[in-house]
Amino acid sequence: MATKMTGAQIIVEALKREGVEIIFGYPGGAVIDIYDELYRTPEIKHVLVRHEQGATHAADGLARSTGKVGVCLVTSGPGATNTVTGIATAYMDSIPLVVLTGQVPTKLIGNDAFQEVDITGITRPCTKHNFLVKRVEDLAWTLKAAFHIARTGRPGPVLVDLPKDVQQAKTEFHWPEEIRLRSYNPVYEPNKRQVEKAYRLLEASTRPVILVGGGVIASGAHEEVRELAELLHIPVTMTLMGLGGFPGTHEYSLGMLGMHGTYYANMAVANSDLIIAVGARFDDRVTGKVDAFAPMAKIVHIDIDPTSIQKNVRVDVPIVGDCKRSLARLLEIIKEVGRPSKLWKEQFKEWWEQIDIWKRRYPLTYKQDGNHIKPQFVIEKLYELTKGEAIVCTEVGQNQMWTAQFYKFDKPRTLLSSGGLGTMGYGFPAAIGAQMANPDKLVLDIAGDGSIQMNIQEMATAMDQRLPIKVIILNNGYLGMVRQWQELFYDRRYSAVQFATIPDFVKLAEAYGAVGFRATKPEEVEPTLKKALETNNLVLVDIHIAPEEGVFPMVPAGRATTEMILV
Amino acid sequence: MERKHTLSVLVENTPGALARIVGLFSGRGFNIDSLCVAETLDPTLSHLTLVTHGDDMIIEQIIKQLRRLIDVYKVVDVTEEGEFVEREMALIKVRAEKETRAEVLRMCDIFRCKVVDVSPRTYTVEVTGPESKIQAVIELLKPIGIKEIVRTGLIAMKREKKTT
């Protein structure tokens, strides 16, 4: 007979059985019992954050950089509500998280008890699924189900709400090694016929483009994408979430497409006759005006989530399945048919000639002015000095777009950025999660002076854990992306985009025991970045950039992607 | 083209499952024309009949989004599945003064409605049938004076094949 365990013991045991080594959290009255159990569990490293939002982003950073499920633990009420932004961020980008929230005892639920909030109600629209565990007997199964749901199919965050009396009650522990849910069976294997149809479209096409989305990274399909592109000589463009899913330095890479995509990526997509979209969901930042999106193209759409297909654009060949397996199947067919690579090259020769014209006409570029530090130059230097091998987190706004444009991501899971929700304050705590999970790698957070202040309190967490993260603040004294819109579309009425007070980031770093550097002239950039990268400590680098530099190309919101404002 | 669709949904009989479905419709701006929920033979599953409308792409999204919910076991678009039986019930409290009492009863007779409650000034009429019939009864009783209506919302079931 199994010995009886408390709910808190079961929770910690479940984490161990799921192979969880690091969790991020913040204690409180409703989770004291779990914390008491963690006190006795050295196998699980608990990272005490300074704000629960930081815990969720850190768990998310761990998940994105490793592919594992990120876990965080917070108390009821405000502890739980503080996780909502982090959960929604993970949900929009399909990142597997398990969020454990304390809850008031079951008898008090619904009574407006102290620190009570209906967190399953609040997070229902921004979790893949959530649970309120009312009986200790259901606990082991529920936790197993939570991890299973989070990591399978299209991954996503799962919240488990844990009333205090359930944590204290005792029951026999039975761990289900496998779990089957009758209502949840994601489809991994693609329909063979559909893949054959996709192949036939490829044979008939003269102007194809492969569009790589975040699903390529989630399913680990980057090798298959590369093989397909190289075998058939097809250009590849990536969404923000897809960067790293195909080498950015590859001769077939067109870089990112969409609102701040390259001229040639947007032109190629707009003029293509076939788009092979892999794990992308045709977000409005990618399509621009939907009616004008790739008007001549047939679309093959591979996605594990059927709801992504035919949601925003009409699709000719939907393929529901895992990106990796679907591409593997397509590659099998290509090899079975055995058309020589030369023939494919010939077929797309004119297409490449056209693309090369676009590439030469408007390469991704910026103007140096000699006086100001250009942010693009900073990113280029960072890329050079880190040899493109860092894990790069970004905040949201101009800093994010410049990074996406000028840092060439060759490997998956090296760019961690809030794509769907666009969460300012994401990057720094995500860097903490990434650095915890990848102690030997260089982790950067590229930030703006606005967004870094949204979770600046996590400086203390990074210092606690002695994490040598390098935060590069592109400081233009503005909420730059909004300012750019105001400049272009609101007659330069700069409403509420300038902080009257910006802290001295060098002193701020020092106040936390970290190291601060500053660069204000172009010639200072390289030596300052070098110093920062050589410092084995948390570093804030305050780089004063050209205040009114914009991100270009830019497709104005709601316009066709061919209507780009260029530099 | 906008069209009415009747969806038959089997869902885990767990707390929150219905909230998830309703939340999905409000969150994504889909319409619910009517909704009917009850237990099935299997007490762990609830059956839900949902009437909605939209163009083909919207309906496709609604069905896919419903299927994506972890608690949803099965979704059938009854409207696309060929012939089906649909029924709705309404209770209609209608003014029945001296001069109209007979008229109301006559109407009930024609539509095979039942009078389920009587007061000196009202009849409460129970009417069952497809939506069109309910609508017809309501239209005919309106001039007499309807005081209150409660409708169940539609339930539907696929017809079996008539030949073996």
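Visitor: Leaving aside its neighbours within four places in sequence, which residues is Thr171(A) in contact with?

Guide: Thr171(A) is in contact with Thr3(A), Lys4(A), Met5(A), Ile10(A), Val136(A) and Glu137(A). Contact means heavy atoms within 4.5 Å. This is a predicted model, in which local features need pLDDT of at least 70 and side-chain atom pairs count only at pLDDT 80 or more, while totals for chains, interfaces and linings use all residues; side-chain values use heavy atoms, with hydrogens and water left out. Residues are numbered from 1 along each chain as its sequence is written, and chains are lettered from A and ligands numbered from 1 in the order in which they are written.

Visitor: Why does Thr171(A) count as buried?

Guide: Buried means under 20% relative accessible area, exposed over 50%, and partly exposed in between, with a 1.4 Å probe and protein chains only. Thr171(A) has 11% relative accessibility and therefore counts as buried. Thr171(A) is found in strand β8, residues 170-172 of chain A. Strands (E, at least two residues) and helices (H or I, at least four) are DSSP runs, numbered from the N terminus.

Visitor: Which residues of helix α21 of chain A are buried?

Guide: In α21, residues 480-489 of chain A, the buried residues are Gly480(A), Met481(A), Arg483(A), Gln484(A) and Gln486(A). What covers these buried residues includes α18 (398-406) of chain A.

Visitor: Why is Asp491(A) called exposed?

Guide: The relative accessible area of Asp491(A) is 65%, over the limit of 50%, so Asp491(A) is exposed. Asp491(A) lies in the loop between α21 and α22 (505-511) of chain A. Although Asp491(A) is not a glycine, its phi is positive, about 50°.

Visitor: Why does Arg112(B) count as exposed?

Guide: Arg112(B) has 73% relative accessibility, which is over 50%, and so counts as exposed. The place of Arg112(B) is in the loop between α3 (98-110) and β6 (114-118) of chain B. Phi of Arg112(B) is near 50°, a positive value in a residue other than glycine.

Visitor: What omega does the cis peptide bond from Phe552(A) to Pro553(A) have?

Guide: Omega is near 0° for this cis bond. Pro553(A) is in the segment after β20 (539-544) of chain A.

Visitor: How many residues line the second largest pocket, and which lie nearest its centre?

Guide: The lining has 41 residues, and Asp305(A), Thr307(A), Gln65(B), Arg68(B) and Leu69(B) lie nearest the centre. On a 1 Å grid over the protein atoms alone, a pocket is an open set of points with protein on both sides within 12 Å along at least five of seven lines, and lining residues have an atom within 4 Å of a point. The space in this second largest pocket is about 1,100 Å³, a volume being the space filled by probe spheres set on the points, which are joined across faces, edges and corners. The largest share of the lining, five residues, comes from α1(B).

Visitor: Which domains does the domain assignment of chain B give?

Guide: The assignment gives domain 1 (3-77) and domain 2 (87-158) of chain B; such bounds come from an automatic or database domain assignment. The contact takes seven residues from domain 1 of chain B and six residues from domain 2 of chain B. The centres of these two domains, taken over C-alpha atoms, are separated by 29 Å.

Definitions and conventions:
1 Å grid on protein atoms, 1.4 Å probe; cavity = no way out; pocket = protein on both sides within 12 Å on 5 of 7 lines; lining within 4 Å.
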